[in-house]
Amino acid sequence: MPEQSRSVTFKNVSKRYAGVPAVTDVTLEIAGGSFVALVGASGSGKSTLLKMVNRLIEPSEGEVRIDGEPVHDEPAYLLRRRIGYVFQNIGLFPHMTVGENVAIGLKLAGERDTAARVTELLQLVELPEEMAGRMPDALSGGQRQRVGVARALAVGPKLMLMDEAFGALDPVTRDGLGKAIRALHDKMGLTTILVTHDMAEALLLADRVLVMEDGRIVGDATPRELLAGKGGAAADALVAVPREQAHRLAELEK
Ligand code: ADP
Ligand code: MG
């Protein structure tokens, strides 16, 4: 039976750091196969919420489930093997080649002959095969992030968590990588949760946009609903920025 994409459920999830709330009482159902963007200002709790899915952070209260199974039912290292995780300035091992970096997850899972799979993964993220032999410091920022995505996809996860994964990239590279990620999501039938502070990116890539403010989800709507002003006040304020920019550009073209 082919593996199905994974649903993610948050049930009354809160996280406090030394008593200070970072995420407060989040209850949320993310359907398997959906591409969800999590948007909000810096410090609103996006990364904290995301990291409770792969247990880099444990909730103070509440429970996260994947396909109905509480994530704490299984050792964290095993859980993480089933979840892709890509973050800003992803750490590639500098003393290993690109190919070795991509193959790390496969090696950990006990696979020995990884060359063909590495080639396939590099193709998936649109990098030339020859790049497998290069060292990470001989790559551009965008190429490094692509290698990070390939590494995350290596063990065939059905759930991808991306935290400001394109944050440090120039706009053109960032746009290209965003489109590539969406295409991979569709092709591989993933569930993707993408954290970004960029509402335009969220609107263009996601099926559903969640807006966080002070540790709470204050908006939950489709891009179409958001653009129609149906996402609530916090979402409206974030949508106003790219909308106004698009407007000004259109004016310049007149
Ligand atoms: P975001 O990803 O939206 O920028 P974070 O989840 O990183 O937000 O942070 C939410 C809040 O929790 C912020 O106020 C931040 O300062 C605080 N915080 C995050 N990580 C820690 C930590 N390890 N220790 C103490 N406070 C933290
Ligand atoms: Mg963050």
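Residues are numbered from 1 along each chain as its sequence is written, and chains are lettered from A and ligands numbered from 1 in the order in which they are written. Because the model is predicted, local features need pLDDT of at least 70 and side-chain atom pairs count only at pLDDT 80 or more, while totals for chains, interfaces and linings use all residues; side-chain values use heavy atoms, with hydrogens and water left out.

**View 1. The shell of residues around ligand 1.** Around the ligand lie Tyr17, Ala22, Ala41, Ser42, Gly43, Ser44, Gly45, Lys46, Ser47 and Thr48, a residue being near a molecule if one of its heavy atoms lies within 4 Å of it. Three nonpolar, six polar and one charged residues make up this shell, where Ala, Val, Leu, Ile, Met, Phe, Trp, Tyr, Cys and Pro count as nonpolar, Asp, Glu, Lys and Arg as charged, and the others, Gly among them, as polar. Helix H1 (residues 46–51) gives the most to the shell, with three residues; helices are DSSP runs (H or I, at least four residues) and strands likewise (E, at least two), numbered from the N terminus.

View 2. An oxygen atom of ligand 1 is 2.5 Å from an N or O atom in the side chain of Thr48, and an oxygen atom of the ligand is 2.8 Å from an N or O atom in the side chain of Lys46.

**View 3. The largest pocket and its lining.** With a volume of about 590 Å³, the largest pocket is lined by 20 residues, of which Arg80, Arg81, Ile83, Leu108 and Arg151 lie nearest its centre. A pocket is found on a 1 Å grid over the protein atoms alone, as an open set of points where a 1.4 Å probe fits, with protein on both sides within 12 Å along at least five of seven lines, and lining residues have an atom within 4 Å of a point; a volume is the space filled by probe spheres set on the points, which are joined across faces, edges and corners. Strand S6 (83–87) is among the elements that each supply at least two residues of this lining, and S6 gives the most, with four.

View 4. Helix H6 (171–188) gives the most to the lining, with five residues.

How values were computed: Polar contact = N/O pair within 3.5 Å; in protein donor to acceptor, adjacent residues only side chain to side chain.
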